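Dear colleague,

I am handing over the structure that I have been going through, and I would be glad if you kept it open beside this email while you read. My notes follow below it.

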Amino acid sequence: MLEPGVLTLAATPIGNPLDASVRLMRALGEADLIAAEDTRRLHRLVRELEVVTRGTILSYHEHNEGERTGTLLEALADGQRVLIVTDAGMPVVSDPGFRAVRAATEAGHRVTVIPGPSAVLTALAASGIAPDRFTFEGFPPRREGRRAGALEPLATQERTMVFFESPRRTAATLASMAAAFGGARPAAVARELTKTYEEIRRGTLAELVTWAEEGEVLGEVVIVVAGAEPVAASAEDLVEQVLARAAAGERLKAAAKQVARAHAGVGASELYDLALNRR
């Protein structure tokens, strides 16, 4: 049950309304104030879920988030049960909610989360790309020059990267990624996740550019890109680490063994000989 004076963030379905959790349905019925990114979509969702709301429904989106956050704080101070939902997925993650969370915590109010559907995790799980280490990069910049500038530093990122994108910019963004990361980099484009026409397109960035340019991309889009292959360090690159450990008091031979142990393909004896010659 929702608690008075507590701000609750709730994840909503990213496509299929049957993915709504029981906790979300109960929260929608219990809340005294529901802050919704799009009130029309919220009304449609509660109809589909056959939920009856009892509280006030307030529009809360990126253009009024600043001014409406004060209203949420007043409601929390009055002991109301306040719920934030967005169009799809989790509030705060590339959606409104962060300002409210920060303001509520600064004012001493507790914040809690009702977990649920996530486009990031759904696309990552279905992509076929290594999920053990990943980073969420949100929406790339819209302008080509700024987008290229934002992607370039990520070229050596070894973790899998997940991006959101609009369908009309998907082809251009994939082309920018191919230029920054190389056309051979494995990737996947997930669109219309959990909906009737869900599609996961996998391939290299070059192949996905061709696919996106040949036809119209429709629906909400998530792009998953494999991280860069790690660059193997050489003994020449690592000898300074050995010398630094030795300078700190470690025996040179022991230092060489420890550094070699942390870097596959580099021998301890080779490191020791190089370090000995550098002394």
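What follows goes from the whole chain to a few elements and then to single residues.

Please keep in mind that this is a predicted model, in which local features need pLDDT of at least 70 and side-chain atom pairs count only at pLDDT 80 or more, while totals for chains, interfaces and linings use all residues. Residues are numbered from 1 along each chain as its sequence is written, and side-chain values use heavy atoms, with hydrogens and water left out.

The whole chain

The chain holds eleven helices and ten strands, where helices (H or I, at least four residues) and strands (E, at least two) are DSSP runs numbered from the N terminus. Its radius of gyration is 25 Å, whereas a compact globule of 279 residues would have one near 19 Å; the radius is taken over C-alpha atoms, and the globule rule is 2.2 Å times the number of residues to the power 0.38. Along the principal axes, the C-alpha atoms fill a box of roughly 80 × 50 × 35 Å.

Of the 279 residues, 44% are buried, a word that stands for under 20% relative accessible area, with exposed meaning over 50% and partly exposed in between (1.4 Å probe, protein chains only). Among the contacts in the chain with a separation of 6 or more, 71% join residues 24 or more positions apart, contact being defined as heavy atoms within 4.5 Å.

Strand E8 and its partners

Strand E8 covers residues 186-191, and because five of its six residues are buried, E8 is largely enclosed by the rest of the structure. E8 pairs in the antiparallel sense with strand E9 (residues 199-204) over six bridges, and also with strand E10 (residues 221-225), again in the antiparallel sense, over five bridges; two strands count as paired if DSSP finds at least two bridges between them. To find these pairings on the model, you could look for Arg191 opposite Glu199 in E9 and for Ala187 opposite Val225 in E10.

In the loop between E8 and E9 sits Glu192, which has a positive phi of about 55° although it is not a glycine. Glu192 counts as buried because its relative accessibility is 16%.

Which residues of helix H4 (residues 98-106) are buried? They are Ala100, Val101, Ala103 and Ala104, and what covers them includes strand E1 (7-10), helix H3 (65-77), strand E4 (82-85) and strand E5 (111-114). Just after H4, Gly108 takes a positive phi of about 90°.

The loop between E4 and H4 contains Val92, whose phi is near 85°, a positive value in a residue other than glycine. With a relative accessibility of 30%, Val92 counts as partly exposed.

Phe134

Phe134 lies in strand E6 (residues 134-138) and counts as partly exposed, because its relative accessibility is 32%. Leaving aside its neighbours within four places in sequence, Phe134 is in contact with Val120, Leu121, Leu124, Arg159, Thr160 and Val162. Phe134 and Val225 are 91 residues apart along the chain, and their C-alpha atoms are separated by 9.6 Å; Val225 is the residue of E10 that stands opposite Ala187.

With best wishes
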